[in-house]
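Please look at the model below before reading on. The text then goes through it step by step.

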Amino acid sequence: MKILKQFGVIFGVCWVSLVIEHYLPFSFPASVIGMILLLICLLTGFLKIEHVQEKADFLLGNMAFFFVPAGVSIINYFDILKSTVLQLLVICVVSTIVTFAVTAYVVTLTVKLMEKKKGGRKA
Amino acid sequence: MKELMTSPYFGVGLSVVAFWIGEKLHNKLKTPICNPLIVAIVLIVGVLLIFDIPYDSYDVGGALINMFLAPATACLAVAIYTKIDVLKKYWLPIVVGCTAGSAASMASVFGMCKLFGLDQSMTVSLIPKSVTTPIAVSISEPAGGVVPITVVAVIFTGILGSILAPTLIKIFHVKDSVAAGLAIGACSHAVGTSKAIEIGEIEGAMSGLAIGICGIITVLFSMLIM
């Protein structure tokens with residue numbers, strides 16, 4: 001029953017976020033609305049972590065598996081991909097590495113600047 | 001026989017078996033190329049092609065698995081909640097880093113599309129490729145992009161991120177768990193996050209956070225340029 005209840009809570013949050021998505025004046029995906037909504041519920045104490053813990057562990061622990069059907073759908077687009085597959089590969093690989101490096105570097109740099117400022121204030 | 005394939009048990013069962021084989025291979029070979037997700041996709045595509053099973057039959061079960069994607073994304077909130085102290089302490093680097101990462105992603109894709117001489121519709125299809133599928137589609141579709149291309153690029157980028165993440169952390173000497181997690185989330189959204197969760201708790205939570213923040217920032221940027 002515990003797991004069943006947690007299923008209910010999380011699916012409920014997802015449904016409410018679908019409703020929110022429907023009434024928002026701009027397009028914003030329900031899954032991210034659900035994430036923000038659940039975080040707000042937890043932070044305000046409306047939901048307690050015990051209400052969702054096991055189910056969340058199950059979903060997060062198996063996250064990669066839930067992408068299998070989305071990946072298999074590539075089978076439908078073989079024709080479109082044939083002509084540009086090489087460019088697509090290069091673009092994906094290069095931009096993934098660039099994005100990773102820029103994000104990691106900027107975060108590290110900002111953290112360092114913050115710490116320096118803090119240190120400066122102390123001194 | 002044909003009707004048996006359209007039972008949801010077929011798609012779900014095939015997916016679980018394929019992913020399980022991928023996991024076993026991954027544990028045995030320990031090479032990042034042997035990503036369970038890739039192995040599962042290749043195996044299933046192979047089975048469908050060899051036995052001439054229509055994608056729609058598989059997708060009866062596939063849609064059931066797909067249904068768990070949104071709840072799984074929502075549950076990243078739980079990962080973030082348990083690391084809320086990190087979020088409070090590092091909110092500035094998180095926002096600045098995600099902004100820079102989103103800009104770098106869009107700019108690098110745009111630059112390479114121009115370099116390869118790809119047309120406008122292809123370019124707008126690829127520009128949002130580092131963010132999670134629903135956001136990427138909501139950007140590319142109204143701008144005249146080809147939705148299937150966006151979907152393929154998003155998933156491929158995600159798989160790439162999850163394969164490359166451990167190597168990239170080493171190559172770029174990323175010692176900070178917060179920076180590593182955000183970088184994984186920024187470059188490869190939820191698929192990469194599934195890997196970040198395996199690397200560490202902070203990495204997982206920060207990667208999840210980056211999905212949301214980079215998603216929002218990418219939407220804002222695309223409103224400005226498209």
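This is a predicted model: local features need pLDDT of at least 70, side-chain atom pairs count only at pLDDT 80 or more; totals for chains, interfaces and linings use all residues.

Residues are numbered from 1 along each chain as its sequence is written, while chains are lettered from A and ligands numbered from 1 in the order in which they are written.

Chain B has 12 helices and zero strands, where helices (H or I, at least four residues) and strands (E, at least two) are DSSP runs numbered from the N terminus. The C-alpha trace of chain B spans about 60 × 40 × 30 Å along its principal axes. Of the 226 residues in chain B, 54% count as buried, a residue being buried if 20 or more other C-beta atoms, placed from the backbone, lie within 10 Å of its own. Of the contacts in chain B with a separation of 6 or more, 63% join residues 24 or more positions apart. Two residues are in contact if their C-beta atoms, placed from the backbone, lie within 7 Å.

Chain B is divided into domain 1 (2-67) and domain 2 (77-225), with bounds from an automatic or database domain assignment. The C-alpha centres of these two domains of chain B lie 26 Å apart, and five residues of domain 1 of chain B touch five of domain 2 of chain B. Chain A is likewise divided, into domain 1 (1-61) and domain 2 (73-123), whose C-alpha centres lie 28 Å apart.

Between the chains, 85 residues of chain B are in contact with 61 residues of chain A. The chain B side of this contact has 63 nonpolar, 19 polar and three charged residues. Ala, Val, Leu, Ile, Met, Phe, Trp, Tyr, Cys and Pro count as nonpolar, Asp, Glu, Lys and Arg as charged, and the others, Gly among them, as polar.

One helix pair joins the two chains: α3 (residues 53-61) of chain A packs with α5 (residues 69-82) of chain B at about 115 degrees, their axes 9 Å apart. Axes are lines fitted to C-alpha atoms, for helices over the stretch in contact, and angles run from 0 to 180 degrees between N-to-C directions. Ala56(A), Leu59(A) and Leu60(A) meet residues of α5(B) including Cys75(B) and Val78(B). By class, this contact of α3(A) with α5(B) has eight nonpolar, no polar and no charged residues.

How values were computed: A residue is buried if 20 or more other C-beta atoms lie within 10 Å of its own, exposed if 12 or fewer, and partly exposed in between; C-beta atoms are placed from the backbone.
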